[in-house]
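Work through the exercises below with the sequence and the model side by side, and try each task before reading its solution.

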Amino acid sequence: MAGRWSKDGDVATEKLPGIVLVDDLRSFVDGRVAQVARTSRDGIEALERHRGQRLDELWLDHDLGEDDTIWPVVEVLERAASEEGPFDIGVVYVHSANPAGAEKIMQALRRWGYNVRSAAGSPHVGYLAEAE
């Protein structure tokens with residue numbers, strides 16, 4: 001995980017990147033600093049690390065390879081909103097190439113008050129030549 005360290009009194013604390021990308025194959029092609037989660041489980045762990053911190057952007061793909069989808073991540077976001085308050089996320093971008101899945105994600109998260117935008121076909125997310 002890429003991170004920056006800041007001094008908080010006498011304790012060094014890690015400042016997490018303010019962007020999380022959940023996608024099994026794609027990455028940011030512009031080199032921006034982000035946490036990348038390749039599975040729904042990794043996506044949930046990334047969200048939990050941000051609990052109580054501002055997350056500027058959350059990028060979600062629907063299909064995450066084999067039988068995995070983004071739905072466990074969406075369920076965590078929904079549960080948080082219904083029980084203790086939504087995660088502090090500036091914008092949730094749904095960049096899935098699955099139009100029906102993307103629409104369902106957006107509907108579910110908007111219902112809970114998340115700021116959600118479609119980013120299908122975004123030039124910011126793509127396949128990198130090198131494996132991560």
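**Exercise 1. Find which residue of E6 stands opposite Leu-21, and place the strand that holds Leu-21 in its sheet.**

Solution. Leu-21 stands opposite Trp-59 in E6, where strands (E, at least two residues) and helices (H or I, at least four) are DSSP runs numbered from the N terminus. This is a predicted model, in which local features need pLDDT of at least 70, side-chain atom pairs count only at pLDDT 80 or more, and totals for chains, interfaces and linings use all residues. Residues are numbered from 1 along each chain as its sequence is written, and side-chain values use heavy atoms, with hydrogens and water left out.

Next, E3 and E6 run parallel and are joined by four bridges, while E3 pairs with strand E5 (residues 35-37) in the parallel sense over three bridges; two strands pair if DSSP finds at least two bridges between them. On the E5 side, Val-22 stands opposite Ala-37.

Finally, the open sheet has five strands in the order E5-E3-E6-E7-E8, with parallel pairing. E5 and strand E8 (116-118) each have a single partner strand, so one side of each is left without a neighbour in the sheet.

**Exercise 2. Determine which way the side chains of strand E3 (residues 19-22) point, and whether they are buried or exposed.**

Solution. In a regular strand the side chains alternate between the two faces of the sheet. Accordingly, Ile-19 and Leu-21 point one way from E3, whereas Val-20 and Val-22 point the other way. All of these residues are buried, meaning under 20% relative accessible area with a 1.4 Å probe and protein chains only (exposed is over 50%, partly exposed in between).
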